[in-house]
Every structure is written in C-alpha cells, then in structure tokens.
Protein chains: 2
Amino acid sequence: MRDAYHEELDALTDRLVEMTRLVRSAISRATTALLDSDLQLAESVISHDEEVDRIFAEIEASIFDLMARQQPVAVDLRTIVVALRMGTDLERMGDLAEHVAKVARLRHPDSAIPPEIRSTILEMGQIAERLITKTGSCIASRDVESALELEADDDAMDRLHRRLFKILMADDWKYGVEPAIDVTLIGRYYERYADHAVRVAQDVVYLVTGSRTQDADLR
Amino acid sequence: MRDAYHEELDALTDRLVEMTRLVRSAISRATTALLDSDLQLAESVISHDEEVDRIFAEIEASIFDLMARQQPVAVDLRTIVVALRMGTDLERMGDLAEHVAKVARLRHPDSAIPPEIRSTILEMGQIAERLITKTGSCIASRDVESALELEADDDAMDRLHRRLFKILMADDWKYGVEPAIDVTLIGRYYERYADHAVRVAQDVVYLVTGSRTQDADLR
C-alpha cells in the first residue's frame, strides 16, 4: 500500500492526465467549430478553458503545498518540479485551443477557413488530437518509447504548417488579406499546440530516464 | 558571510539577470535588423540564441543538481522552482527574438516591413526592450512595485498589436498577402515576448510576497 504522501504524488499525475483530456477535447471542438462555423461550439471551448486553468491552479497550489509540507527529495522532488512544468505547457495548450475557437467566433456566421484550406486544417486538428492523446498515455504509463514516437507527428504538423503558407502565398490565392491573417494565426496556434505536447512528452522521458540526452530526437 | 549553498542560489539569480540582458539585446538587434534589412545583424541574433539556450541549460542543470545535493526546503525550494520557470520564459523570449530576425533574413535584401508599419514595429521593439529591462531589474532587486509597473507597458504592447491588425485590414493596404503574413507573425512574436516578460515579473512578485493574488493585476 502507498502512503498518503505517495498518493498525493499519484493524484498529481491523475490531474495532469485529466488536463490532457480537457485540452484534447478543446482542440477537437475548436477545430470543428472553425470548420463548421459553429458559434455555440466555439463559445463552449472558450468558456471551458476556465476549467483547464482551474485544474492547473490546483496542481500548482498542491505542488507548492507538497514542497512546503513534505520536503520532498531526490526522485520525488524531480517528479514534482517536472509536473509543474508539464502543467504549464498543458495550460498553454488550452489557451491555444481557445485562440482557435475565438477566430471561429470572430468570423461567425462566415467561415474563417476558405475551402482550399479546409483539409489542411482538418489534418492539423487530427494530428493535434493524436499528439495530445499520446502525451496523455505517456504521462499515465511513463512509456518512453511512445514519447519518442511523438516526433513523427510533430514533423507531420510542421509539414502541414509549411503547406498552409504555400497555399496562402500562391498566385491563385483569391481571398485577400483578412483570411490570410486568420489562417496564419490559426496555423501558428496548431503548430505551437504540437510543440507543447512534444515538450510534455520530453519531460516524461526525462522523469523516467533522468536524462535529457533524448532531447535532440524530440526537437 | 553567505555559505556556499546560498552563494549558489545567488549565482542562479545572476544567471537569470544575464539571460534578461541577452534576450534584451536580441530583441533590440532583431528590431533593427528588421527595420534596416540588415542581414548581418539578423544572422548575429540567430547565431547568438545558442548562448541563451546554453545559459538556460546550465541553470536547469544546476537547479536539478542543487535539488539533489542540498535538499532545499521552504523558501529556498520555492526560489529554485520559480527560477526554473523564469528561465523557461526567458529562453522562450530568446526564441521569439530569433523568429523576428529570421523574418528579416528571409526577406533580405527586401524589407519585411512596409513604410506604414515601421513606426508601430519600432514602438513594439522599444516597449519589448523596456519590459525586459524592468524584468531584469525586478529579478535583481526583487522589487514588487516595479514588477507591477510592467502591466502598463504590456497594455501598450497590446494596443500596438491591435493597431497593426487595423493597418493590415484597412482598405488601403496595398502590399498584398505575403507582407501581411510576415507582419502578422512579427506582431505575434512581439506580443508573446511581452507576455513572457510579464510572467517572469509575476514570478518575482510571487517569490517576494508568497502570493499569487496580484495575478489579476498583471494579466
């Protein structure tokens, strides 16, 4: 049986996994809201970001509380400190999903996404979901192998991001400046979302192996 | 006299202040490189970002080393954990300055910045410099009052960011899509740079007061 202290550490992991579920749902709904010009869905993403912020505030408070009460050392201390960093990244991912939803809301009832861009945005949303799903599994299972797998998905995201710019800058782009600005920002939000997911996975690798040498593979 | 342990903590603060100097110089030079289409200056910002990354890696290593060796508790532990978070934000600010420089390099010998945008970008660069200068003083002096002052500068940055979009979306914008995309991304980089500076200052407030209640004022 685990003592109360280690149960608190486990609870921390559970809360981080919960954050991954929330920010996964957020980016999934934000993508749909964007592609379907669904105002209600966009609003729900925007209002639900508070929940992510609240869980992160709880994680943060319990971490500083744990540090004050338990005086953790060695492995436990490392776990706690890295959990704080993971929470920071996940909180930011919630913000980025919210940013996507805000663009959908801003342009409603029009769509921010011209037809030529739809499939790329859909794919970016799918990869974002796949990344955060894997990140969640990594945190729960501490599986280093699957953490390293995220690299391929992140590369795919970068390729889609470049494709987006190619479409925007092509001679046959006929939508003018405003949609180009929207798409530029949206593309950046997805790309940053992916970067943060990879960073969280990097932290899982660090926790398990105690080494940052795999960084190069994940960047 | 301070013992070796507390000297290590002081050294951590010095290293963070050094990071603020480097990322200040980076955004200052990146702004000039952008406005003057100065390729050599842009290259120097890009190549010098490694130095920021290296100092952050040293800070990170010494923090995990301190935690393992000294088993810090209470205030010291909080200081160390928050220093890690500050370092993360400062490292990111270096990346953002590098991103600005990369746009300058990409468009050289042309300028990425149309004449109508110059003064706004110049102001954004000046505010970014002012913010990081104040952040550096905050870290060094642990002055809560000046940390709270950053809010006004951050508001000014947000206003300039909105002005940028207004210019881009005005009917008389005659530069087409590509410069609009560049300016959109550049604006985002400055705005994020400012956000990170504010976050670091928030952490100084937290270290001094032990309270996050001032968050509302700083966001």
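This is a predicted model: local features need pLDDT of at least 70, side-chain atom pairs count only at pLDDT 80 or more; totals for chains, interfaces and linings use all residues.
Residues are numbered from 1 along each chain as its sequence is written, and chains are lettered from A in the order in which they are written. Local features need pLDDT of at least 70 and side-chain atom pairs pLDDT 80 or more, while totals for chains, interfaces and linings use all residues, and side-chain values use heavy atoms, without hydrogens and water.

**View 1. The contact between chain A and chain B.** Chain A and chain B contribute 33 residues each to the contact, where contact means heavy atoms within 4.5 Å. About 2,900 Å² is buried between the two chains, with 69% of this area given by carbon and sulfur atoms; buried area is the accessible area (1.4 Å probe) that two parts lose on being put together, summed over both.

**View 2. Salt bridges across the interface.** The rule finds 2 salt bridges between chain B and chain A, each being a side-chain nitrogen of Lys or Arg within 4 Å of a carboxyl oxygen of Asp or Glu. Arg85(A) pairs with Glu60(B) in a salt bridge, with 2.7 Å between the closest N and O atoms.

**View 3. The relation between the copies.** Chain B is superposed on chain A by a rotation of 180° with 0.0 Å of shift along its axis (RMSD 0.0 Å), using least squares on the C-alpha atoms of residues with pLDDT of at least 70 in both. The two copies are therefore related as by a two-fold rotation axis. Among the residues of chain B, Val177(B) comes closest to the rotation axis, at 2.7 Å (C-alpha).
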